[in-house]
Amino acid sequence: MINTITSCVNNTELKNLLLSFLTNKEGLPFAQLTLIHYQSFGGNDEEITQLAAAVELLVLAFDMLDDLEDLDNVDEPWMKIEHPIALNAATTLYTLSKLAVLSLQSSLKYQILEAFIKFSIQAMEGQHVDLKNSILTEEDCLEVMKKKSGSLIALASVSGMLLAGTNSPAVEEYSYQLGIAAQIDNDFRDLFNPLKNDVSSQKKSLAYLYLQKKYNDHAIEILEGFTSGMPITGYFGSPLKLKQKLIDAGVAQYLNVMKQIAINKATRMIRQLPIDNNQSERLIAHLIIKLNPENKER
């Protein structure tokens, strides 16, 4: 990532700004997704490092754009500078990610670039619906999750697989399910995050759609908290009390069931991949157990 930025960006101020954003990256999870799929499908070339860097550059660009569009995560470094400057930096990273793919020596780079563009557009479509907050049903919400989170997981996973010289449609499909499961986790955590404006904007998440059905008085009370103008944790006194209220309303149980459905679908598809059992179990250990430790015993 550093090499791509330093070798391709000439403006010193912009270059230093982009490099400063890299210090905020932790664990490089999408690069790891790219690498493990490459290895699982028999890849053994050093070019995977460059592809993994390209994936992380693209994901960082999307993270920045998402925060700028949602006006939240205000502690991120790109939210502390002028928004036009941050927007230009994000589009620069987006472009650099494509350039990094085109710089690959592999003859498969154009196929990989096509995957980058396909999944980028899907993520943008999902973001458009999310920004419009026009979701009406559970099915609509799952489709947005699939496009927003699932498309980026698919981009990383499919790209690694493609560089290894394989193309299995199942990788794209289970990536969408993993995206749904991960987004359900994120949306639940965001209910307790004062730096996210999902509650104040009454974003149509799975949790919000469930509460709107008003199955019990606890759900009605939470909805009243959403519209009170107060931070939702403050409305109930503490994060712990809010969590208990979400359990009493049935929200926590509902979200866990939806997450498990997605995880189980992904697990079945991974076990049907055209790779040996050791590789498929390695994928499950990386993708499923990390996402859901309860699956260790299954």
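1. Cys141 is buried at a relative accessible area of 3%, where buried means under 20%, exposed over 50% and partly exposed in between (1.4 Å probe, protein chains only). Cys8, at 34%, is partly exposed. The structure has 0 disulfides, a disulfide being a pair of cysteine sulfur atoms within 2.5 Å.

2. On the basis of these values: this is a predicted model, in which local features need pLDDT of at least 70 and side-chain atom pairs count only at pLDDT 80 or more, while totals for chains, interfaces and linings use all residues. Residues are numbered from 1 along each chain as its sequence is written, and side-chain values use heavy atoms, with hydrogens and water left out.

3. Glu172 sits in helix H8 (residues 169-190); helices (H or I, at least four residues) are DSSP runs numbered from the N terminus. With 17% relative accessibility, Glu172 is buried. Its side chain makes a polar contact of 2.6 Å with that of Tyr176. A polar contact is a pair of N or O atoms within 3.5 Å; within protein, one must be able to donate a hydrogen and the other to accept it, and residues adjacent in sequence count only if both atoms are side-chain atoms. Beyond neighbours within four places in sequence, Glu172 is in contact (heavy atoms within 4.5 Å) with Lys118, Phe119, Ala154 and Val158.

4. Lys109 belongs to helix H6 (residues 109-132) and is buried at 16%. A polar atom of the Lys109 side chain lies 3.3 Å from the backbone oxygen of Leu104. Neighbours within four places aside, Lys109 contacts Val101, Leu102 and Leu104.

5. Lys109 and Glu172 are 63 residues apart along the chain, and their C-alpha atoms are separated by 18 Å.

Technical notes
Helices (H or I, at least four residues) and strands (E, at least two) are DSSP runs, numbered from the N terminus.
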